[in-house]
Amino acid sequence: MNQWEELQESVGFDFKDVELLKQAFTHSSYVNEHRRENVKDNERLEFLGDAVLELTVSDYLFNKYPEMAEGHMTKMRAAIVCEPSLVEFAEAVHFSKYVRLGKGEEKAGGRTRPALLADVFESFIGALYLDNGIDKVVTFLERVIFPKIDAGAYLQTVDYKTQLQEIVQRDRDVLIEYDILGETGPAHNKAFDAQVIVNGQVLGKGSGRTKKQAEQSAAQFAINQLTHR
């Protein structure tokens, strides 16, 4: 099994055009050193993949959080498609081992350079979209990105307390209070429990590593309760 067969098995997709897959992992430094081979770098695929990622992540957030304001969704999407996150996704699927680099770029540590890995992840998404279609891109993201969204990895970019206030105060003035119910765990690894009370009624409870995180978690729970009534 060669590296491209191994990569296809790893990501779970067979490419009809394997040259397109190779292009997604080809850095411009490799092209410069192999001009006679007529190979293409991944920059155009990166451009396309960036747009496909924006669309698919936006669609997922739009459907997952039906009450989330546009500004909150924008912040959350930005956190998901920013360079550090893309590097994390690329490393999770071991993309660095498949990148084709020029000798100089290899010696300079290009294989572990964050910007390069982020670009490779985007270019792979572009290639997958062209070869397999948008549905297969979504299937891939369901493995690599969406579970992190579901686990709350990007919730710190969303102010649920403000969002809850916007929802409950649309039609009337209300009193929103947060109570810290207690804390658990040793001093170096504490967890706090909180609840949110709206006009005397407990609407949500949550926990977090800090009091603020616990309050945000309680607000998020309350929002889910209100939007699924």
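Relative accessible area is used here to class residues as buried (under 20%), exposed (over 50%) or partly exposed (in between), with a 1.4 Å probe and protein chains only. The structure is a predicted model, in which local features need pLDDT of at least 70 and side-chain atom pairs count only at pLDDT 80 or more, while totals for chains, interfaces and linings use all residues. Residues are numbered from 1 along each chain as its sequence is written, and side-chain values use heavy atoms, with hydrogens and water left out.

The annotated site was examined at the outset. In the unreviewed UniProt entry, the annotation "active site" covers Asp50 and Glu122. Although these residues span 73 residues in sequence, no two of their C-alpha atoms are more than 5.5 Å apart, so they gather at one spot. Positions from UniProt are given in the numbering used here, feature names are shortened, and annotations may be inferred rather than shown by experiment. Asp50 belongs to helix H4 (residues 43-64), whereas Glu122 is placed in helix H8 (residues 114-132); helices (H or I, at least four residues) are DSSP runs, numbered from the N terminus. Asp50 is partly exposed, at 33% relative accessibility, and Glu122 is buried, at 8%. When residues up to four places away in sequence are not counted, Glu122 is in contact (heavy atoms within 4.5 Å) with Leu45, Glu46, Gly49, Asp50, Leu53 and Leu86.

Charged pairs were considered next. Side chains of opposite charge can pair when their charged atoms come close. Nine salt bridges are present in the structure, each defined as a side-chain nitrogen of Lys or Arg within 4 Å of a carboxyl oxygen of Asp or Glu. One of them joins the side chains of Lys148 and Glu88, at 3.0 Å from N to O. Lys148 lies in helix H10 (residues 146-150) and Glu88 in helix H6 (residues 83-92), so this pair ties together parts that are 60 residues apart in sequence. Lys148 is partly exposed, at 27% relative accessibility, and Glu88 is partly exposed, at 38%.

A salt bridge also links Glu105 and Arg113, whose closest N and O atoms are 2.9 Å apart. Within this pair, Glu105 counts as buried, at 18% relative accessibility, while Arg113 is partly exposed, at 34%.

In the salt bridge between Lys161 and Glu215, the closest N and O atoms are 2.7 Å apart. Because Lys161 lies in helix H11 (residues 160-168) and Glu215 in helix H12 (residues 211-227), the pair ties together parts that are 54 residues apart in sequence. Lys161 is partly exposed, with a relative accessible area of 25%, whereas Glu215 is buried, at 14%.

Terms used: Helices (H or I, at least four residues) and strands (E, at least two) are DSSP runs, numbered from the N terminus.
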